[in-house]
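Subject: Handing over a structure, with notes

Dear colleague,

I am passing on the structure below, and after it come my notes on what was found. Please read them with the model open beside you.

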Amino acid sequence: PLVRERAHRLLSATQNIGAVTLSQLCESCERLAKAEPFDGAQANGMLHAMHDELAQVRAALAGLRGQLT
């Protein structure tokens with residue numbers, strides 16, 4: 001339940017800021033976490049992809065913040 005809950009929270013946040021790719025990854029992770037049986041190896045790969053995409057989103061947001069100041 002923790003993976004599903006965290007993926008759902010991040011999904012909502014990423015949708016709010018328009019991070020489409022990360023939103024899609026979160027949605028996939030949430031679906032995966034609900035699946036029976038739970039595929040830990042697939043979930044691990046999904047979490048790595050989310051981590052990499054999150055780094056891209058953070059960099060983009062930092063760039064926007066720099067333009068505003």
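A nonpolar core, as the term is used here, is a set of buried Ala, Val, Leu, Ile, Met, Phe, Trp, Tyr and Cys residues joined through side-chain atoms within 4.5 Å; buried means under 20% relative accessible area, exposed means over 50%, and partly exposed covers what lies in between, with a 1.4 Å probe and protein chains only.

Please bear in mind that this is a predicted model, in which local features need pLDDT of at least 70 and side-chain atom pairs count only at pLDDT 80 or more, while totals for chains, interfaces and linings use all residues. Residues are numbered from 1 along each chain as its sequence is written, and side-chain values use heavy atoms, with hydrogens and water left out.

Overall layout

The protein chain has three helices and zero strands, where helices (H or I, at least four residues) and strands (E, at least two) are DSSP runs numbered from the N terminus. Read from the N terminus on, the order of elements is α-α-α, and helix H1 covers residues 2-17, while helix H2 (20-34) and helix H3 (40-68) have a loop between them. Along the principal axes, the C-alpha atoms fill a box of roughly 50 × 20 × 15 Å, and 22% of the 69 residues count as buried.

In soluble globular proteins, nonpolar side chains tend to be buried together. Here the largest nonpolar core is made up of twelve residues, namely Ala7, Leu11, Ala19, Leu22, Leu25, Cys26, Cys29, Leu32, Ala43, Met46, Met50 and Val57. H1, H2 and H3 are the elements that give two or more residues to this core, and H2 gives the most, with five residues.

A disulfide is taken as a pair of cysteine sulfur atoms within 2.5 Å, and a search of the whole structure finds zero of them. Cys26 is buried at 0% relative accessibility, and Cys29 is buried as well, with a relative accessible area of 2%.

Thr14, in helix H1, is also buried, with a relative accessible area of 3%. A polar atom of the Thr14 side chain lies 2.9 Å from the backbone oxygen of Leu11, a polar contact being a pair of N or O atoms within 3.5 Å in which, within protein, one must be able to donate a hydrogen and the other to accept it, and residues adjacent in sequence count only if both atoms are side-chain atoms.

Salt bridges

How many salt bridges does a search of the whole structure find? There are two, with a salt bridge defined as a side-chain nitrogen of Lys or Arg within 4 Å of a carboxyl oxygen of Asp or Glu. One joins the side chains of Arg9 and Glu5 (3.2 Å, N to O), which both lie in helix H1, four residues apart, or about one turn of the helix. Arg9 is exposed, with a relative accessible area of 54%, whereas Glu5 is partly exposed at 37%.

Arg31 forms a salt bridge with Glu27, their closest N and O atoms being 4.0 Å apart, and both residues lie in helix H2, again four residues apart. Arg31 is exposed, with a relative accessible area of 51%, and Glu27 is partly exposed, with 40%.

The loop between H2 and H3

Most residues other than glycine have a negative phi, and most peptide bonds are trans. A cis peptide bond joins Glu36 and Pro37, however, with omega at about -5 degrees, and Pro37 lies in the loop between H2 and H3. Asp39 has its place in the loop between these helices too; Asp39 is partly exposed, with a relative accessible area of 34%, and its side chain reaches the backbone nitrogen of Ala41 at 3.2 Å.

One further position

Ala60 is found in helix H3 and is partly exposed, with a relative accessible area of 45%. The C-alpha atoms of Ala60 and Ala19 are separated by 9.8 Å, although these residues are 41 apart along the chain.

With best wishes
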